[in-house]
Amino acid sequence: MTEPAFQRMSVEEYLHTEEASPYKREYVDGFVYPLHAQAGASKPHTRICTNITAHLYAAAMKAGCRLYSSDMKLRLGGSRTFFYPDVLVACGPDNPEDNFETEPCLIVEVLSPSTAAHDRTGKFGLYTALPSLQTYLLVEQAERRVYAYSRQDGEWVLEEFRGQGAIDLPCLNRALSLEEIYVGVLA
């Protein structure tokens, strides 16, 4: 028996049932959106996420931050919205919840044909409203291109990296190069 594509439930019910769910589900303002249609990410998508996580791990530990790759929920500002970013870094005091983070400084989404529009528009607006967020990266998987949004003087500034370059990540006091992101994926 399959669940309806969009199911309505309370935050508490979502958090309780998510633990036993056979697949990840995002939650937006009372509605549950199963991610099982997106299951089985491509090899490039998975490798890019792994590369980013591997290259940032030491810097995150040194900075006293928590680094997650795809399986940690992000609760947006105490709201009724939860997403699973591809990579999330949270610094500062840890919240008491085991199942989600609330104050990321870095979010990375690797663009897929089925998610790119939502990552660029819907999630962009919600993520960049988080006061703790300093950097939001949108990473292409079919070409060496990263769209890096950074908070500068209270405004969001877009810098596009194509082919090569390094993106400053202030909360980790480190830069992340396109070479590190795409190693083993795209020459």
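How many aromatic pairs does the structure hold? The structure holds seven aromatic pairs, where rings of Phe, Tyr and Trp (its six-membered ring) pair if their centres lie within 6.5 Å, and planes under 30 degrees apart count as stacked, over 60 as edge-to-face and the rest as tilted.

1. Basis of the note. This is a predicted model, in which local features need pLDDT of at least 70 and side-chain atom pairs count only at pLDDT 80 or more, while totals for chains, interfaces and linings use all residues. Residues are numbered from 1 along each chain as its sequence is written, and side-chain values use heavy atoms, with hydrogens and water left out.

2. Phe 83 and Tyr 127. The planes of these two rings, Phe 83 and Tyr 127, stand at 90° with the centres 5.9 Å apart, so the pair is edge-to-face. Because Phe 83 belongs to strand S6 (residues 81-83) and Tyr 127 to helix H4 (residues 122-127), the pair ties together parts that are 44 residues apart in sequence; helices (H or I, at least four residues) and strands (E, at least two) are DSSP runs, numbered from the N terminus. Phe 83, at 1% relative accessibility, counts as buried, and Tyr 127 is buried at 0%, where buried means under 20% relative accessible area, exposed over 50% and partly exposed in between (1.4 Å probe, protein chains only).

3. Phe 124 and Tyr 149. This aromatic pair, Phe 124 with Tyr 149, is tilted, with 4.7 Å from centre to centre and 55° between the planes. Phe 124 lies in helix H4 and Tyr 149 in strand S11 (residues 145-152), so parts that are 25 residues apart in sequence are tied together by the pair. Tyr 149 counts as buried at 16% relative accessibility.

4. The cluster. Phe 83, Phe 124, Tyr 127, Tyr 136 and Tyr 149 are linked by ring pairs into a cluster.

5. Lys 73. This residue, Lys 73, lies in strand S5 (residues 73-75) and is buried, with a relative accessible area of 7%. Among the residues that Lys 73 touches are Tyr 14, Glu 18, Phe 83 and Glu 101, not counting residues up to four places away in sequence, and contact here means heavy atoms within 4.5 Å.

6. Strand S7. Val 87 and Val 89 point one way from strand S7 (residues 87-90), whereas Leu 88 and Ala 90 point the other way, and all are buried. Strand S4 (residues 66-69) runs antiparallel to S7 and is joined to it by four bridges, and four bridges also join S7 to strand S9 (residues 104-110), again antiparallel; two strands pair if DSSP finds at least two bridges between them.
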